[in-house]
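Subject: Structure for you to look at

Hello,

Please find the structure below, with the sequence. My notes on what was found in it follow.

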Amino acid sequence: MTRQPDRGALLSVDDLVVQYRRPGAPPTRAVAGVSLEVRAGEVVGLVGESGCGKSTLARAVCGLTPSEEGSISFDGTPVRPLGVRRRDPALTSIQMVFQDPYGSLNPRRRVGAQIADGIRTAAGRGEDVDGATPEDLLTRVGLPADAATRYAQEFSGGQRQRIAIARALAARPRLLVADEPISALDASAQLHVARLMRSLAVESGAGLLFISHDLSVVRLIADRIAVMYLGQIVETGITAEVWDNPRHPYTQALLAAIPQPDGAGLLPAELPGDIPDPAAPPSGCRFHPRCPRAFDGCDREVPLLSDDGVACRLYPAAA
Amino acid sequence: MTTTETPEEAGGGTAAADSGIAAADSGTAANEGGIAATGGGTAEKGAAVLEISGLTLDLPAEDGTKRILHGVDLTLRPGRIHGLAGESGSGKTMTGFAVLGLLPPGARTTGRIAFEGTDLLTLPPRQLGALRGRAVSMMFQDPSTSLHPMLTIGRQLTDHLRHHLKLDRKAARARAAELLGQVRIPNPLEALGRYPHQFSGGMRQRIAIAIALACEPKVLIADEPTTALDVTVQAGVLRLLRGLCDDLGLAVLLVTHDLGVMSAIADEVSVMRHGRVVETGPRGRVLTEPHHEYTRTLLDALPGRSTV
């Protein structure tokens, strides 16, 4: 699965393995050999069912979870796990927006003070932050400037997520990693916040790794999409191409399961079975037990992600 | 679990409620036959099992009270799924809670929620409690918080059955296993001894459905039942809900913001905005030729609007 690393990539993840250890059980490979790149100004959508390792990958990219094998580099600097020491200032240009805006903001500090932390981080890296104020950032994410004097719990979920985004942006990130940033929000707020994240990231020339299980939102904001199943990327490509012509049977199943609001009363196609236990993944292709198109050998041969971005034996590597 | 403070005085309310119980009891008996009878006849509109008319709701606010619902009308019929759509804060969840009397303290309601002729809004707490979970039941968005993490699935299913239906331990267990089979949990007997964390999200939501259906309710309020699930798992749960509704003649109020979900399984759709129902009609008509401007806006705002 090792491919030539892209020189222009801002974030480059190469054959990454992340394991969780539990007492009295074999380690669980939550991420089992993933290669992924994010370029500056690019939005990459990472999709997959819950439990497929998306969040673990995001945490590893930010150094929140140590990796077992493989490498993660950000702008040429290896990303090392966070420790007790102060983080390498170069790495503070990776910022993360978490899923739960109820847990990610400090309830006892004013919103403005939390955003000011981000501005200080950018200044500590030697960025010119002249004139940057929490009020400006709040305005950019569509909140009133006086929100800076209030506390997180005075806001709704959607507003809190905007605050979390403002705080991440305050640190002038060059890579923004967003782990399910919209799933805790109401439907009406989801699309707004997703679009806001895209426009703010693209405007500032930063890369955005946007993780979500909501395919319809990813479709609207991502330039490239990567589909993850049980710790591995099974398909990747330009969003519109993957959407119009999904090749991997898993991608096909995911897209077919989205109910359409056409009023026709059609039940979406069901993908039978549950995602298997990542501690004991199926042999061969990890998707074969649920795959409607599995054929002889899928339970033995491990398909690799091809250069044109699909890991499935239905598509033999083009000569 | 708080109950609604109704404007009626206690004295007058009791008399009305007494007659209400009688009505509810005879209703239950009549409907036992009704469930079997409605099995096939889902196509035609049956008589209303739950009728909400002119429902208003005021909640206490900093400056006096705030009106949350401004006269909501909704009708649920056996074997039919009625979808309730709308943005957050439109009052769709509160409408569902009002049916069960699960409103916040200090809530004041007017109007009528008639369940088989009994007005649930004026029913005293005890009698409402007897109906809740038995005749009218509810399932929530997040199965990981609506199930008790430290009790086995079997315990959570049988408590309910023993309390409401006064089944003995053995009968309750048999019924619980049957219910788990009905929602297609593999190995129901073995599953009874397991805890919620030992199941996946989709399986937990199936278990929540089994609990909601345990006492053969006539009405199920499903509040965003698939919002927390992956699309692949959602498909299975939607199929299950539709099937149960058809087979058991259940009347379902499906509260969801997802018009795709609505389109897949609802028969009728109502759209709420600012505490009012702005449009009601058959699913196909509302989603393809909306009459109200707001419904059109909602449809246009959809991420998955354009066809795949």
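A:Tyr229, A:Tyr250 and A:Phe287 form one aromatic cluster. Please keep in mind throughout that this is a predicted model.

Aromatic cluster in chain A

Over all chains, the count of aromatic pairs comes to four. In one of them, the ring centres of A:Tyr229 and A:Tyr250 are 4.6 Å apart and the planes stand at 55°, so this pair is classed as tilted. The two residues come from distant parts of the chain: A:Tyr229 is in strand E9 (residues 224-229) and A:Tyr250 is in helix H8 (residues 249-256), 21 residues apart.

A:Tyr229 also pairs with A:Phe287, here edge-to-face, with 5.0 Å from centre to centre and 80° between the planes. This pair again links distant parts of the chain, since A:Phe287 sits in the segment after H8, 58 residues from A:Tyr229 in strand E9.

A:Tyr250 counts as buried at 0% relative accessibility, and A:Phe287 counts as buried at 1%.

A:Glu42

A:Glu42 is located in the loop that runs between strand E2 (28-39) and strand E3 (43-47) of chain A. Its relative accessibility is 9%, so A:Glu42 counts as buried. What does A:Glu42 touch, leaving aside residues up to four places away in sequence? The contacts are A:Glu37, A:Ala206, A:Gly207, A:Leu208, A:Asp223 and A:Arg224. A polar atom of the A:Glu42 side chain lies 2.9 Å from the backbone nitrogen of A:Arg39. A:Gly8 is 34 residues from A:Glu42 in sequence, and the two are 11 Å apart in space, C-alpha to C-alpha.

Interface of chains A and B

On the chain A side, 31 residues are in contact with 36 residues of chain B. The area buried between the two chains is about 2,700 Å², and carbon and sulfur atoms give 56% of that. Which three residues supply more of the area that chain A buries against chain B than any other three? They are A:Pro261, A:Leu267 and A:Glu270, which supply 23% of that area.

H6(A) gives the most, with five residues. By residue type, the side of chain A that touches chain B divides into 17 nonpolar, eight polar and six charged residues.

Regards

Methods. Residues numbered from 1 in each chain as written. Chains lettered and ligands numbered in written order. Predicted model: local features only at pLDDT ≥ 70, side-chain atom pairs only at ≥ 80, totals over all residues. Heavy atoms only, no water. Contact = heavy atoms within 4.5 Å. Buried area = accessible area lost by both parts, 1.4 Å probe. Helix = DSSP H or I, 4+ residues; strand = E, 2+ residues; numbered from the N terminus. Nonpolar A, V, L, I, M, F, W, Y, C, P; charged D, E, K, R; others polar. Buried < 20%, exposed > 50% of the residue type's maximum accessible area, 1.4 Å probe, protein only. Polar contact = N/O pair within 3.5 Å; in protein donor to acceptor, adjacent residues only side chain to side chain. Phe/Tyr/Trp six-rings, centres within 6.5 Å; stacked < 30°, edge-to-face > 60°.
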